[in-house]
Amino acid sequence: MTRVLFLCILALAACKQDMVDQAKDKAYSASSVWDDGASARPFVAGTVARGDLARMAAVQQPPEVDAALLARGQERYGIFCAPCHGLTGRGDGRVVQRGFPAPPDYLSDRLRAAPAEHFMEVIANGYGVMFPYGARVAPRDRWAIVAYIRALQLADGEVTRGHPARDAVPVGGGR
Amino acid sequence: MAQIFHARANTIIRICLALLLIVPAGTVAAWMVVMRSDYVTGRNETVTQPVMFSHRHHTAEIGIDCRYCHSSVEDSAFAGIPPTETCMTCHSQLFTEADMLAPVRQSWVSGTRLNWNRVHDLPDYVYFNHSVHLAGGVACTTCHGAVGEMRLTRQVAPLTMEWCLSCHRAPGKNLSPRATLYDPFPTEGKSAEEGHALLAEYGIDTSGLTDCSACHR
């Protein structure tokens, strides 16, 4: 009898779903502890995060340019820059086609002559209507993007409209 | 002496004996069906959001990469919900008067965060990691479905342990080539050979994938 009763209690215990929603804070958890209702707290002023010094050093120190860095730059450029600057750097990306003010042409004489640090600075802090990307693109990736911009500037700047290289093809094609 | 049992007693007791088996078995079966139903798993449920954000518009129509907004997806367990700043990167200039975006502008001006509602909610004892799945060649759409078709975001997978394990037991056919990992549409049907080739390309050791500790701690 005791055994049967014990099994019944065990069976009931298995129905409890407490562990599905545990009393712990995870990323993006809501919290009733603070006024803003979020468990994630803003940084205290002057916080130095782990790896900040290395990141600051990486801004100063350009990495060795090799095929891997350029490939990384091409990928990051495609994600973060091409929506406005276009796949060839002409400043005719999809978002610009939809009405965003056109950014300057990377292939212009002014930007061909601009030092790499200028692009690093603009990526990190923004320029004009361009928002800062410092929080979204890590320093090494910024250098990779700058290297890729240089590659775009070296490539054929006179690619005509309709050339495949100019198509701001949305991922997934024209479906 | 009168008969204690009526003539129908035999039938009744037979039915009762049968019910004694059928009712528990049926209850268990019904329970299993209910637990896998969309009602319990949340599958295909469109969660109400503070802003009517369309993944279809931003990915398939404009061609913005998933990582533009979900920028920590390759390096972190969490894909990352973009801060209002990311929305305002474009919407400081585009659709600046749209009513639909009023909550975004309000959030930007006041500095209070937008409270997006979670669409995919795993139990707290599951330690899912986005970055490890991407490094292993699982495309966004493999779990999230054709995001490029979703005007409003919904959960496509049942997210049951059975569903997780169906892939952990045989991941090959669910992997995608590197070039298509972030496509907003799934690539259709891969052959077994392609699956094997992808397992080798991503260097996946399948031996530990069904260990309890792979997902639970």
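Modeller: Buried means under 20% relative accessible area, exposed over 50% and partly exposed in between, with a 1.4 Å probe and protein chains only. By that rule, 33% of the 217 residues of chain B are buried. The model is predicted: local features need pLDDT of at least 70, side-chain atom pairs count only at pLDDT 80 or more, and totals for chains, interfaces and linings use all residues. Side-chain values use heavy atoms, without hydrogens and water.

Chain B has 11 helices and 0 strands; helices (H or I, at least four residues) and strands (E, at least two) are DSSP runs, numbered from the N terminus. Its radius of gyration is 25 Å, whereas a compact globule of 217 residues would have one near 17 Å. That radius is taken over C-alpha atoms, and the globule rule is 2.2 Å times the number of residues to the power 0.38. The C-alpha atoms fill a box of roughly 100 × 50 × 35 Å along the principal axes.

Now the aromatic rings. Rings of Phe, Tyr and Trp (its six-membered ring) pair if their centres lie within 6.5 Å; planes under 30 degrees apart count as stacked, over 60 as edge-to-face and the rest as tilted. The whole structure holds 9 such pairs over all chains. One of them joins A:Y28 and B:F78 edge-to-face, 6.4 Å centre to centre with 85° between the planes. This pair crosses between chains, and B:F78 sits in the loop between helix 4 (66–69) and helix 5 (84–91) of chain B. B:F78 counts as partly exposed because its relative accessibility is 33%.

Key. Residues numbered from 1 in each chain as written. Chains lettered and ligands numbered in written order.
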